[in-house]
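Subject: Structure handover

Hi,

Here is the structure for you to look through. My notes on what turned up follow below it.

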Amino acid sequence: MNKFRPRSAIFRLPLPALLWWLTSFVPAAAHSGEGGFVLLLPTGYYLAGGTLAVLVSFLLVFLIPAVTVARWGGARLPLGEIPLPPVMLTSTLSAVILLGLLIAGFCGSADPRINPLPVAIWSLWWVGFTFLQAVCGDLWHRLNPWMAPYRLLMRVMGRHQPWRSYPDWLGYWPAILGFLGFAWFELVDLAPNDPTRLAVAILVYAAITLTGMLLFGGEAWLHRADPFSVFLRLIAHLSPIDAEPIAPNRCRLSLVLPGTRLFSLQPLPISGVLFVLLTLSAVSFDGLCRTFWWLAKGGINPLEFPGRSAVSSLNTAGLLGLWLALAATYLIAIALGRWINPAMPAARAAGILVVSIIPISLAYHFAHYLTVLLVDLQYAALALSDPFGRGWNLFGLDSRNVTMSFLNNYHSVVMIWNLQAGAIVLGHILAVAVAHVLSARLGGDGWRAPFAQMPLAALMVLYTLFGLWLLAAPNAG
């Protein structure tokens, strides 16, 4: 493992700077197993610093009236109007690119590092595009590769309407099952990076998606049943860019405070609540399952890790268990809030307040996958230089161009640790602020209403502690 020992000058820093410095040192939890950093500072101080930052932020937000926070969230800076390309054009281009990647998956190199399909799906799309969605807004609505094939199939079949309407009772359950399957494939399957195996999985997902769209309608299926469209649409509400449609292919852009667009979301049903919590628990378990602590639960020596087959049952149970534990804890926090404020409707509160978890999901996504993205961007260029494994070298690259030297460089490590820990802390602070505004909409009696937020705030503080521990804990790569 890569190790880093801080300079002795740190002990001459004043206390506030010391606390910030302590919270900025975390190991990189790379998905592709590039290795982690071992925290050599006293872990207790490090965890306390980040957790106290979130706790103090709650106390500060608690003292500010929710209407004031909401008013700040309503600030907008108009940026003007822009034209947009037609959805059919962008969706067709995405479908063509995906088709090329699938061909590369079946016909290209068997090495996942130089085959463009695994790099494009796991790093450029699942990691990089999620970040882009959070910054730029709902790009996926126009770039998803399924709308163009769906409309083509509807035209071929001579249909203008789906076979039936999407039933309300189905809710977000198909999205939950789809995201669970995706998380299981990523975290438990024996070879999720194998190009052929990944290509087959994508074809199965494509068949399910297009069948659902044909049965229930394209927009209806993507809005509630497709796991990635649901996830990315929720992430887009964190964007500081608000795109208001004013014509089919034209929108008005405004700059807003990050996360304030969450205020406009409608209350989610229980299936939607469970979906949001699943997105957070899945990325959290991705970090947990690599820790020495977790492997020890399975009787495995992390320094002699035998491979995924040895932990498939353990990780399957852990993935489900962490999701169910988080869901139970969240519902208990809502129930305690209702006990404090009996006028608060519990079901409505659960559906409204759960959107405050979305900033935390993005924060964990960023912190967990940051180093893998930095490495795999280099592999992506290498893979695109010879996409079909025919010995091409379109960009004049070879494996020597891929470097991980930044993982051993003092300044790079400090920057990575700052970004990871900062994302965790800022994500929780934003979640606290969003929950504060949304709680005010639930009503209540006098002093009871603001105090009803405290159980959920306590859950967020504890989850901050858990997340920072995950980043600090030694892992098996």
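Helices (H or I, at least four residues) and strands (E, at least two) are DSSP runs, numbered from the N terminus. This is a predicted model: local features need pLDDT of at least 70, side-chain atom pairs count only at pLDDT 80 or more, and totals for chains, interfaces and linings use all residues. Residues are numbered from 1 along each chain as its sequence is written, and side-chain values use heavy atoms, with hydrogens and water left out.

**A loop glycine**

Start with Gly-307. This residue sits in the loop between helix H13 (292-297) and H14. Its relative accessibility is 18%, so Gly-307 counts as buried (under 20% relative accessible area; exposed is over 50%, partly exposed in between; 1.4 Å probe, protein chains only). Leu-190 is 117 residues away from Gly-307 along the chain, yet their C-alpha atoms are separated by 8.3 Å.

**Helix H14**

H14 covers residues 312-340, 29 residues in total. At 1.5 Å a residue it should span 42 Å, and its end C-alpha atoms are 42 Å apart, which agrees. The expected span is 1.5 Å times one less than the number of residues. Among the buried residues of H14 are Leu-319, Leu-322, Trp-323, Leu-326, Tyr-330 and Ile-334. An α-helix has 3.6 residues a turn, so residues three or four places apart point the same way.

**The sheet**

There is an open sheet of 3 strands, in the order S3-S5-S4, with antiparallel pairing. Strand S3 (76-83) and strand S4 (241-247) stand at the edges with a single partner strand each, so one side of each has no neighbour in the sheet. Neighbouring strands are turned by 25° against each other on average, direction ignored. Two strands count as paired if DSSP finds at least two bridges between them.

- S3 and strand S5 (residues 250-256) are joined by 7 bridges. Gly-80 stands opposite Leu-253 in S5, and Pro-78 stands opposite Ser-254.
- S4 and S5 pair over 6 bridges. Ala-247 has Arg-250 in S5 as its bridge partner. A hairpin of 2 residues joins S4 to S5.

**The largest pocket**

Lining residues have an atom within 4 Å of a point.

The largest pocket holds about 1100 Å³ of space. Its lining has 39 residues, with Ile-121, Trp-125, Ile-202, Tyr-205 and Phe-228 nearest the centre. Elements giving two or more residues include helix H4 (87-107), helix H5 (116-136) and helix H9 (195-216). H9 gives the most, with 9 residues. The lining divides into 33 nonpolar, 4 polar and 2 charged residues. Ala, Val, Leu, Ile, Met, Phe, Trp, Tyr, Cys and Pro count as nonpolar, Asp, Glu, Lys and Arg as charged, and the others, Gly among them, as polar.

**Cavities**

How many cavities of 30 Å³ or more does the structure hold? There are 8. The second largest cavity has a volume of about 100 Å³. It is lined by 13 residues, and Trp-126, Phe-179, Thr-279, Ala-282 and Val-283 lie closest to its centre. H8, helix H12 (270-288) and H16 each supply at least two of the lining residues. By class, this lining has 8 nonpolar, 3 polar and 2 charged residues.

Best wishes

Key
1 Å grid on protein atoms, 1.4 Å probe; cavity = no way out; pocket = protein on both sides within 12 Å on 5 of 7 lines; lining within 4 Å. Points joined across faces, edges and corners; volume = space filled by probe spheres on them. Axes fitted to C-alpha atoms, helices over the stretch in contact; angles between N-to-C directions.
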